[in-house]
Amino acid sequence: MLLYALRRLLLALPLLIGITFVSFLVIHLAPGDPVELQTGDPSIESSAQAQKMLRELYGLDQPLHRQYWNWLTRIVRLDFGRSFAPDGRPVIQKISERLPVTLLLNVIELLVIIALAIPIGVLSATRQHSLFDKVTTVFVFVGFATPDFWLALLLMMLFGVQLGWLPISGLRSLNWEYLSFWKQHLDFVAHLLLPVIVATFGGLAGLSRYMRQSMLEVVRQDYIQSARAKGLAERVVIRKHALRNALLPIVTILALSLPGLIGGSVIVESIFAIPGMGQLMVQAVFARDYPVIMGNLVIVATLTLLANLVADLAYGFVDPRIRLAGRRSR
Amino acid sequence: MSAFWRTFRKNRLAVAGGAIVVLLVLVAVFAPLLAPWDPHRPDVKRMLEDPSGRHLLGTDQLGRDVLSRMIHGARVSLAVGFVSVGIAALIGIVLGAVAGYKGGSTDGAIMRLVDLMLVFPSFFLLLAVLAFLRPSIWTIMTVIGLTSWMRVARLVRAEFLTLKEREFVLWSHAIGASGFRIVWRHILPNAMAPVLVAMTLGIPAAILTESGLSFLGLGVQPPYATWGNILNEGKDAIEIAWWLSFYPGLAILVTVLAYNLFGEGIRDALDPRLRQAMGRGR
Amino acid sequence: MSRLADRRFATVVLALALLALAGCAGEPDGPGEAAASTPAKPAYGDVFVEPILGNISGLIPQLTNDMISSQVSSLIYSGLVDLDDHSRFVPALAESWDFGADCRSLTFRLRKNVRWHDGKPFTAADVLFTHAALVHPKTPTARRDDFAAVESIEAPDPYTVHVRYAKPYARALMSWATAMLPAHLLRTWVEQGKLREAPQHWTHPVGTGPYKFEEIRSGEKVALKANPDYFAGRPYLSRVVYRVIPSQATIFLELKAHGLDSAGLMRGLTALQYTRQTEYPAFRKAYAKYRYPASQYTYLGLNMKDPRFADRRVRRAFAHAINKQELIDGVLLGLGREATGPYKPGTWVHSPNVARFPYDLAKARTLLAEAGWTEKNAEGLLVKDGKPFTFELLTNQGNEERKKVAEIVQASLRELGVGVEIRVLEWASFIKEYVKKRRFEALVLGWAIGEDPDQYAIWHSSKTGPDDLNHVSFQNAEVDELLERGRTACRREDRVQYYHRIQEILAAEQAYVFLFFRDALPVVARRIRGVEVGPNGLTYEFARWYVPRGEQRYTAD
């Protein structure tokens, strides 16, 4: 197992370089040009010279392989470069001022979703066709099909405008600096409440449906049947034997959603005016801000590789029969 | 087969789900006959009218009948929802099964492809190929299918990893059954549970992705309606014209629920052991 | 101080004239108006909370090119001259100036005792430095050309600046409205070619404007505080907080909950919000609504490299077939005005006396028939030489207005028997792959128009290359000549003739099918007084806005 993990980690490095290389090419070759986007204003006669200057500043005048090499030699020293946006700020600074909020929101969401979805899934599986099962099924699908902006605006109107209980948008009240320490935290929590509710409601369906379905699947396996035949209490059967084996898809899904922790939902962020990663990335993509896009890509790629490795290792714990390291297929 | 039908028919919810899916497909097929108004023709004097006898679901920002647009929109939205999810499931099942069953370096290669696809900036790839692609329903379905199979692949592979070590599979090997037969008859049917969920959840996701693709000029172009773009256009007017974003959302919800019931009904009917087990469990 | 009083008076007179002329500049405001105009004593204090749709991209204004950044920096910096709400030049850091009759020499006499926000005196050295900074080869600015045109610049004493141009340069005076930059803080950054990295660009901007920089939280807010030493008098409002709120729907909800004092002074409400969601007493009591034509127009551009569109009759036929009032009603809910050319109605350069193309389908059909489009095929499409008249109409993603225009144009032209396929594309690839490469038949786009009327870059026949902006390939010898004259004449009396003639030709040729100017629809909280709207908006006098003592909401000072 350890050997397997080590081998995967060693392999991850060339893979990472490969991924960034292919992505770098595609991003640069795709239509669009950061310089043109910054100099297309008709009220100013932006000369060819201004364009040339920006190209040189961004290093876009060099051949593509050279550009990639420059980028790579900087990135190995953890230098993400400077943004192509007119603010010209370091990429790492731009990302690091956005990341904490996004991460905080996403982690809270994920925890709430896990805490709700797994019990919902287990209960509706063990009581298939019961009223509880039917109600939760409709409930989680309603959450899934409801557009984020719909629910967000609805809640903002109700709690923000009509009742005035919660702040509508942003992360902090305008008088935040003047509040006491505890009030500041309370204020912050109040601002996060609606976004978390919106994102959670939409995310419940995923995990709970996987949980339910794989629970249903496991319960009918022979070993569960025999556990039952042995006269073990249903509760014990479920908790000791069934649940653990049903976690396999949950591990997969959680691993797949791990890299998403650093990506924000653009819709939720822009409606609640939260300065998160989603908005930063969308702006970067539209403005062809290559350094920011690549910086984010490196982080996401690293997380993806790690998360899937962790998932593969976790399979072994969920079901000891799984032997990834053992080669030779029969 | 007849046993399958008998069990399926008894599951009234599943039958209802199936009926609704069929009904939706029929609506899509006969859209031009069913739509009371021209779905594309603007009439700015009647913009954002409340639902009424004349316009059952109201009108949109250019005065077009929302009901007619919903009916016509069902064509693209349902096709995209079902077909692209089908494509994704097919690719995901095949690659996931091969990776999980073969293991070793085959598994490694396929899973690293999955990693690459998960990270890959597909937005830019789509932009790059856009020059050669004309937006059509086929390109939309293919694009969504080709970029959303990774989850299914990893789910199926995980199932295979555990199933191939189970007694009944090992036993099949022992009696000399062919690999393909083992996979097809014994492993695959047992690995389908998470795929079913992924497909169910994939349908609304695909329907909404379609309207997202209009970012790239790849989605269905105006004035043609899809549920996704009716919903998006309603965003600006939500306070005065709730129906614009409500009905498309409702249609998507009904589709998912119906498909979910139908799918689970089929699943249960194919597997009588499950009913037995649950029955005994209580 | 006298300049303020003078301008106030002139503003009123001109505003009245314009009201009569253009229909409406400032919207008459109904029940709350009385409250707003009751005499109240100007008082210092209170905070103005303003939404901005996106993050700023920097605070050295010449390095940025978005509306939001320039809105924020306009309160931090000042230029030598300023343009008032009627586009007239007024003194700012320069108390007076002489523009030589040859349009080549310009002399500024600077205000004395002006200080930078850090207390250092502002002198002619700063003016020279600003010029040097903007022509420095490593300064990434799109405004270089204005200053590269300068032949020589010198300061005989700390309060006088002589500028000389190699050729007559019409934009000369306008260009000096640009923000003056502090030499003592930025010189080394400019010399190293790293102006973007200067702290003044992000966290420590220093200007001479009415407000000082206080704080920035990226993506969240920018806060400014009043500059007590502002040369035109201490601003009344103590602080201005710009909150980043990317969603128009959220801005509106915040407005309803009284979390904001405006819906954005530059753009304001959406047409739907303005007409359908704000007409209830509580809203009208809390906010005053304004309305003036925004400085941007929307057009239908037909690529004249396509032989069908090279024929003027076809372009004119389209102009007749598109009902502009229907467009304005459908897309803007009536809150806009027809565009007859590329200049904003109500400005000095706009000419109302140009050819009009009223909605007239019969006329349109006749024109198309003259151009040889007489037969129709089974689908009802016009056919010439066996080919049906169909084309692809492109527009950019993210602009609902343009998408709706395209949809209405499509339906209108179908009436004529012309088939239109719409395609909506992401902006960057739209520009790069379609507009620059001229790979389009027709497009719906808009121009934001600048203060100076020079549109050489858009209409001159030399500007049809791939990197140029004359993307419809309009070519007209007379327009070429008029454009050249217009940019080398410096007196408005002369220039206005050239530009009026240009407008006549552009309209007659339908170089674009000009569609409409949208109205900007700002709202401002009623407790804020001193707000006046001119044809160029309402922010010009911002430093004079105030809240009477008894109505102040925020005490933070």
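Okay, let's start with two tyrosines: Y299(C) is buried, and Y512(C) is buried too. Buried here means under 20% relative accessible area, with exposed being over 50% and partly exposed in between, using a 1.4 Å probe and protein chains only.

Quick housekeeping. This is a predicted model, where local features need pLDDT of at least 70, side-chain atom pairs count only at pLDDT 80 or more, and totals for chains, interfaces and linings use all residues. Residues are numbered from 1 along each chain as its sequence is written, chains are lettered from A and ligands numbered from 1 in the order in which they are written, and side-chain values use heavy atoms, leaving out hydrogens and water.

Back to our tyrosines. Over all chains, the structure holds 50 aromatic pairs. Rings of Phe, Tyr and Trp (its six-membered ring) pair if their centres lie within 6.5 Å; planes under 30 degrees apart are stacked, over 60 edge-to-face, and the rest tilted. For Y299(C) and Y512(C), the ring centres are 3.7 Å apart and the planes sit at 5°, so this pair is stacked. And it links distant parts of the chain: Y299(C) is in strand β12 (residues 292-302) of chain C, while Y512(C) is in the loop between α19 (492-509) and β20 (513-520), 213 residues apart. Helices (H or I, at least four residues) and strands (E, at least two) are DSSP runs, numbered from the N terminus.

Who else is there? Y297(C), Y299(C), W459(C), F474(C), Y512(C), F514(C) and F517(C) form one aromatic cluster.

Staying in chain C, look at helices α4 (residues 124-135) and α7 (residues 183-191): they pack at about 25°, axes 10 Å apart. The axes are lines fitted to C-alpha atoms, for helices over the stretch in contact, and angles run from 0 to 180 degrees between N-to-C directions. On the α4(C) side, A125(C), D126(C), F129(C) and A133(C) meet A183(C), H184(C), L186(C), R187(C) and V190(C) of α7(C). Contact means heavy atoms within 4.5 Å.

Now chain B. What does it contain? There are 13 helices and 0 strands. Its C-alpha trace spans about 75 × 50 × 30 Å along the principal axes, and 57% of its 282 residues count as buried.

Last stop, chain A: I108(A) is in helix α5 (residues 91-126). I108(A) has 30% relative accessibility, so it counts as partly exposed.
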